[in-house]
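Dear colleague,

Here is the structure we spoke about handing over. Please look through it first; my notes on what was found follow below.

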Amino acid sequence: MASIVTRVYEDMRNRILNGEFCANDLFVEQSVAKEYQVSRGTAREALQLLCNSKFLIKHPRKGYFIYNFSDEEFHDVLQTRYYLEIGAITTVIQNCTDAQIRELYSTLSGPEMSTLPENTINSNFHVALAALSGNKTLLEVVKDLLDITARKCLHSSSKDYEESHEAIIEALLERNIEKCSAALKNDLRIE
């Protein structure tokens with residue numbers, strides 16, 4: 001069972017991702033505590049978790065605001081994802097069977113479940129790829145970075161990514177790191 005802090009964090013996170021709040025909306029501990037019927041300490045912890053996850057930014061003596069990424073920060077996050085995922089790809093090429101790699105195809109279809117990043121085909125593919133590496137820390141960091149990048153790309157269709165995901169899988173099956181790198185860069189829209 002999730003803690004009260006976790007429930008408040010997840011609800012606020014989902015509402016941010018769904019666009020229920022504007023960039024200039026102010027969040028203060030007292031109003032969050034009242035809305036969720038929790039203590040101010042619980043509200044403070046949830047708000048701090050949202051800051052740690054780059055959903056909010058704290059302004060001393062004012063409160064919390066939605067964290068808006070600059071184009072440069074967004075590009076940096078995408079580059080970080082690239083380096084992490086190319087590391088996962090290298091491990092997958094070295095350690096996984098063709099059958100394990102082919103399982104990635106199962107992530108390429110299905111309905112776009114919601115606007116939440118963990119329920120999109122794109123996120124499911126990248127999480128499955130990171131999971132194949134067997135590195136739990138890498139998997140958790142990729143999930144966190146997917147949350148961040150999803151805020152800018154949330155309304156992209158899975159069709160936008162389907163070809164590059166298939167190209168990554170095909171390159172993995174060929175054990176071709178250069179093709180994987182090119183397909184991943186295409187998928188992340190980085191140069």
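**Cysteines**

Cys51 counts as buried, because its relative accessibility is 15% and the cut-off for buried is under 20%. Cys180 is buried as well, at 0% relative accessibility. Please keep in mind throughout that this is a predicted model. The count of disulfides in it comes to zero. For that count, a pair of cysteine sulfur atoms has to lie within 2.5 Å.

**Overall layout**

The protein chain has nine helices and two strands. Read from the N terminus, the order of elements is α-α-α-β-β-α-α-α-α-α-α. Of the 191 residues in the chain, 43% are buried. Among contacts with a separation of 6 or more, 66% are between residues 24 or more positions apart.

**Helix α2**

Helix α2 spans residues 29–36, and its buried residues are Glu29, Val32, Ala33 and Tyr36. Viewed down the axis of α2, these buried residues fall within an arc of 100°, so they line one face of the helix. As a general point, an α-helix has 3.6 residues a turn, so residues three or four places apart point the same way. Gln30 and Lys34 are exposed on the other side of α2. The cover over the buried residues of α2 includes α1 (4–17), α3 (40–52) and β2 (63–66). After α2 comes Gln37, with a positive phi near 55°.

Which residues does Val32 touch, leaving aside those up to four places away in sequence? They are Val8, Met12, Phe27, Ala43 and Leu47. Val32 sits in helix α2 and counts as buried because its relative accessible area is 3%, against a cut-off of under 20%. Between Val32 and Ala46, 14 residues apart in sequence, the C-alpha to C-alpha distance is 9.3 Å.

**The strands**

Strand β1 (residues 56–59) and β2 run antiparallel and are joined by four bridges. Ile57 stands opposite Phe65, which belongs to β2. The hairpin of β1 and β2 has three residues between the strands, and Arg61 in this hairpin takes a positive phi near 65°.

**Nonpolar cores**

The largest nonpolar core has 22 residues. Those with the most contacts inside this core are Ile89, Phe125, Leu129, Ile168, Leu172 and Leu184. Two or more residues each come from α4 (71–95), α6, α8 (159–174) and α9 (177–188). The element that gives the most is α4, with seven residues.

Leu172 touches Ile89, Val92, Ile93, Ile101, Leu104, Leu129 and Cys180, again not counting residues up to four places away in sequence.

**The loop around Ser106**

Where is Ser106 found? Ser106 is in the loop between α5 (98–102) and α6 (121–132). The side chain of Ser106 reaches the backbone oxygen of Glu103 at 2.6 Å. Ser106 and Ala128 are 22 residues apart along the chain, and their C-alpha atoms are separated by 9.7 Å.

Regards

Methods. Residues numbered from 1 in each chain as written. Predicted model: local features only at pLDDT ≥ 70, side-chain atom pairs only at ≥ 80, totals over all residues. Heavy atoms only, no water. Buried < 20%, exposed > 50% of the residue type's maximum accessible area, 1.4 Å probe, protein only. Arc of directions from axis to C-beta. Contact = heavy atoms within 4.5 Å. Polar contact = N/O pair within 3.5 Å; in protein donor to acceptor, adjacent residues only side chain to side chain. Core = buried A, V, L, I, M, F, W, Y, C linked by side-chain atoms within 4.5 Å. Pairing = 2+ DSSP bridges.
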